[in-house]
Amino acid sequence: MTERVILEPGQPAPDFALLDQDGVTRTLSEFRGEQVILFVYPQAMTPACTKEACEFQESTTPLAAAGYRVLGLSRDSVERLRRFADRDQLDYPLLSDPDTAVHVAYGAYGEKNSYGRIVEGVIRSTFIIDAEGRISHALYNVKATGHVARVLKLVGVSAG
């Protein structure tokens with residue numbers, strides 16, 4: 001097992017080219033000039049991930065008004081992401097990273113404690129990336145419940 005990367009504020013955010021739920025290739029660099037909130041979740045359509053994704057959806061308008069774009073990232077297939085977006089009316093890009101290369105580059109994949117057992121898997125994380133493509137905040141091992149409210153507070157955006 002390789003050493004897990006931990007991103008720090010000020011570091012360049014790793015760029016990527018991944019398909020979204022519509023099969024469109026998305027890159028981080030296409031959002032240069034905008035601030036990005038990239039949230040990494042373990043699996044589409046599970047209860048905690050659905051709650052987190054829907055809370056981000058409810059916050060996209062105030063976040064967009066403050067200059068932030070929301071992107072979701074998981075190992076799910078494009079087809080599963082399409083079903084997730086349709087089912088829960090998610091209108092921001094959901095990125096498919098089935099081989100976990102982007103997860104690893106962001107330090108969002110590796111050993112974690114799951115119900116008392118050490119396993120390898122997706123580490124629920126959120127990255128706030130500035131308009132120049134640098135990490136402003138790297139939040140690892142976050143809980144789905146209450147996380148979006150924490151992110152809004154961190155970036156100084158009120159929920160509505």
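Trainee: How many helices and strands does the secondary structure of the protein chain come to?

Mentor: This is a predicted model. From the N terminus on, the elements run β-β-β-α-β-α-β-α-β-β-β-β-α. The secondary structure of the protein chain comes to 4 helices and 9 strands.

Trainee: What share of the residues of the protein chain counts as buried?

Mentor: A residue counts as buried when its relative accessible area is under 20%. Of the 160 residues, the share that counts as buried is 49%.

Trainee: Which residues does A48 contact, leaving aside its neighbours within four places in sequence?

Mentor: A48 is found in helix α1. At 35% relative accessibility, A48 counts as partly exposed. With its neighbours within four places left aside, A48 is in contact with R124 and A144.

Trainee: Why do the buried residues of α4 line one face of the helix?

Mentor: The buried residues of α4, which spans residues 147-155, are H147, V148, V151, L152 and V155. Seen down the axis of α4, these buried residues line one face because they fall within an arc of 140 degrees.

Trainee: Which residues are exposed on the other side of α4?

Mentor: The buried residues of α4 pack against β3 (35-40), α1 (47-65), β4 (68-74), β8 (125-129) and β9 (135-140). An exposed residue has a relative accessible area over 50%. On the other side of α4, the exposed residues are A149 and K153.

Trainee: Which residue just after α4 takes a positive phi?

Mentor: Helix α4 covers residues 147-155. Just after α4, a positive phi of about 75 degrees is taken by G156.

Trainee: What arc do the buried residues of α2 cover around its axis?

Mentor: In helix α2 (residues 78-88), V78, L81, F84, A85 and D88 are buried. They lie on the same side of α2 because they cover an arc of only 120 degrees.

Trainee: Which elements are included in what covers the buried residues of α2?

Mentor: The buried residues of α2 are V78, L81, F84, A85 and D88. What covers them includes β1 (17-20), α1, β4 and β5.

Trainee: Which residue that follows α2 has a positive phi?

Mentor: Helix α2 covers residues 78-88. The residue that follows α2, with a positive phi near 50 degrees, is Q89.

Trainee: Is T100 buried or exposed?

Mentor: T100 lies in the loop between β5 (94-96) and α3 (101-105). T100 has a positive phi of about 65 degrees although it is not a glycine. Most residues other than glycine have a negative phi. With a relative accessible area of 9%, T100 is buried.

Trainee: What is the relative accessibility of M45?

Mentor: M45 has its place in the loop between β3 and α1. M45 is not a glycine, yet its phi is positive, about 70 degrees. M45 counts as partly exposed, and its relative accessibility is 22%.

Trainee: How many Å apart in space are R134 and P14, C-alpha to C-alpha?

Mentor: R134 is found in the loop between β8 and β9, and it counts as partly exposed at 39% relative accessibility. Residues up to four places away in sequence aside, R134 touches G10, Q11, P12, A13, I128 and I129. R134 and P14 are 120 residues apart in sequence, while their distance in space, C-alpha to C-alpha, is 8.8 Å.

Trainee: How many Å apart in space are S77 and D20, C-alpha to C-alpha?

Mentor: S77 sits in the loop between β4 and α2. S77 is partly exposed, with a relative accessible area of 32%. S77 and D20 are 57 residues apart in sequence, and their C-alpha distance in space is 9.2 Å.

Conventions
Residues are numbered from 1 along each chain as its sequence is written. This is a predicted model: local features need pLDDT of at least 70, side-chain atom pairs count only at pLDDT 80 or more; totals for chains, interfaces and linings use all residues. Side-chain values use heavy atoms; hydrogens and water are left out. Buried means under 20% relative accessible area, exposed over 50%, partly exposed in between (1.4 Å probe, protein chains only). Helices (H or I, at least four residues) and strands (E, at least two) are DSSP runs, numbered from the N terminus. The arc is that of the directions from the helix axis to the C-beta atoms. Contact means heavy atoms within 4.5 Å.
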